[in-house]
Amino acid sequence: MMMRHDRQPEVVPPAGRPVALFLPSLTGGGAERAIIDAARTLHGDGLIVDLVVASAKGAYRNEVPEGVRLVDLQCRRTASALLPLSQYLNRTNPQALLSALTHANVVAVMARRLAGWKGRLIVSERNTLSSAWGRWSPARRRLQAAVLAQVYRQADGIATVSKGVADDLVELLSLNPATVRVLYNATAAPHLLERAAQPLDDPWLAPGAPPLILGVGRLDPQKDFGTLLRALQLARASLAETPAAQPRLMILGEGPERPSLEAECHSLGLTDHVRFPGFADNPFAWMARAHLFVLSSRFEGLPNVLIQALAVGCPAISTRCPSGPEEILADGRYGVLVPVGDPGALGRAIAAACLKPRGTVDDAAVSPFRPAAVRSVLRDMLQLDVTYQ
């Protein structure tokens with residue numbers, strides 16, 4: 001087990017028991033970024049914060065905030081972190097433990113029992129499980145739901161990232177609604193604006209360049225970037241008489257669908273108008289400069305990238321997928337919502353946006369996701385025995 005000591009904290013935290021947050025790894029993803037944001041929020045209030053990971057590998061390792069203690073359990077798989085995590089709980093006795101992602105939640109519950117640890121455990125669910133399990137057989141879904149319900153009932157509370165995820169989880173696992181609370185991600189943090197202001201030198205951002213459409217996410221079926229590619233083709237075709245308004249598309253992210261997406265891009269004749277740069281450690285600088293951000297997902301829990309785009313001033317279009325976008329965009333008040341998997345509707349929305357100057361974003365859209373708004377719920381769920389400064 002390794003604890004990082006190579007960086008000095010910005011502040012000297014008070015003596016006492018830490019608050020622990022548990023993740024499988026620091027691989028680039030919405031859940032990982034959200035937990036890092038939670039660690040930043042808690043540490044900024046003067047708490048000792050341990051970010052405990054089964055493996056410290058991943059693109060977000062360098063984003064762990066100064067002063068947050070990174071505890072690497074050095075496990076190849078999350079399941080093998082059971083014993084090391086229980087040993088950490090026995091040795092450190094944190095005030096509370098917040099875990100994220102379903103398989104990590106299961107390990108956290110089991111580690112607590114193995115250690116006999118009496119601290120408060122909150123598990124957090126990030127996705128609509130009924131959608132994530134959609135391709136499973138009914139028998140497998142019933143078995144998984146029964147097992148997960150038994151595990152989650154052993155936690156002191158269950159946090160979900162949106163009301164849609166909460167409603168889905170209660171129904172799917174037959175949980176007591178009183179044990180499930182919405183804990184939004186503290187995604188719209190001040191540091192986003194600092195990172196968004198970092199310079200970018202790219203010909204697609206030159207003055208007079210065509211509108212840039214931005215997508216961000218793992219290249220996998222959930223994000224449905226294939227529909228976004230088809231929507232781009234339709235948008236460009238509808239704008240054939242106004243070439244200056246014909247958009248280009250950049251998709252930041254990496255994943256198993258890269259070969260098929262690149263092949264589809266070629267077949268649609270979009271090779272010169274679409275780029276796949278891979279994972280970007282600072283997508284916010286692109287968000288701040290794009291004409292439009294588009295979320296094409298089939299399902300989400302609470303899409304952090306949508307909040308982040310709005311937070312740095314980028315107008316957005318999203319599918320009305322379960323769940324999160326309707327809550328974030330207030331049923332269309334703060335951005336356009338289109339049906340899931342409908343390239344025609346998405347293409348029309350993109351074309352309409354490209355015919356107009358870049359829009360503005362109402363600050364009220366992101367106020368529920370600022371650290372100040374999230375802090376009180378986080379503190380209440382974890383029942384921290386400290387006074388915030």
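Reader: What share of the residues of the chain counts as buried?

Author: Buried means under 20% relative accessible area, exposed over 50%, and partly exposed in between, with a 1.4 Å probe and protein chains only. Of the 389 residues of the chain, 56% are buried by this rule. Please note that this is a predicted model, in which local features need pLDDT of at least 70 and side-chain atom pairs count only at pLDDT 80 or more, while totals for chains, interfaces and linings use all residues. Residues are numbered from 1 along each chain as its sequence is written, and side-chain values use heavy atoms, with hydrogens and water left out.

Reader: How many helices and strands does the chain have?

Author: Helices (H or I, at least four residues) and strands (E, at least two) are DSSP runs, numbered from the N terminus. In this chain there are 14 helices and 14 strands.

Reader: What does the radius of gyration say about the chain?

Author: The radius is taken over C-alpha atoms, and the globule rule is 2.2 Å times the number of residues to the power 0.38. For 389 residues a compact globule would come near 21 Å, and the value of 21 Å for the chain agrees. Along its principal axes, the C-alpha trace spans about 70 × 50 × 35 Å.

Reader: How many salt bridges does the structure hold?

Author: A salt bridge is a side-chain nitrogen of Lys or Arg within 4 Å of a carboxyl oxygen of Asp or Glu. The structure holds 18 of them. One joins Arg 195 to Glu 63, with the closest N and O atoms 3.3 Å apart. Arg 195 lies in helix H7 (residues 191–196) and Glu 63 in the loop between strands S3 (49–53) and S4 (69–72), so the pair ties together parts that are 132 residues apart in sequence.

Reader: Are Arg 195 and Glu 63 buried or exposed?

Author: Both Arg 195 and Glu 63 are buried.

Reader: Where do Glu 262 and Arg 258 lie?

Author: Both belong to helix H9 (residues 258–267), where they are 4 residues apart and thus separated by about one helical turn. Glu 262 counts as partly exposed because its relative accessibility is 36%, whereas Arg 258, at 17%, counts as buried.

Reader: Which residues are joined by the salt bridge of 2.6 Å?

Author: That bridge, taken from N to O, joins the side chains of Asp 331 and Arg 320. Arg 320 counts as partly exposed, with 37% relative accessibility.
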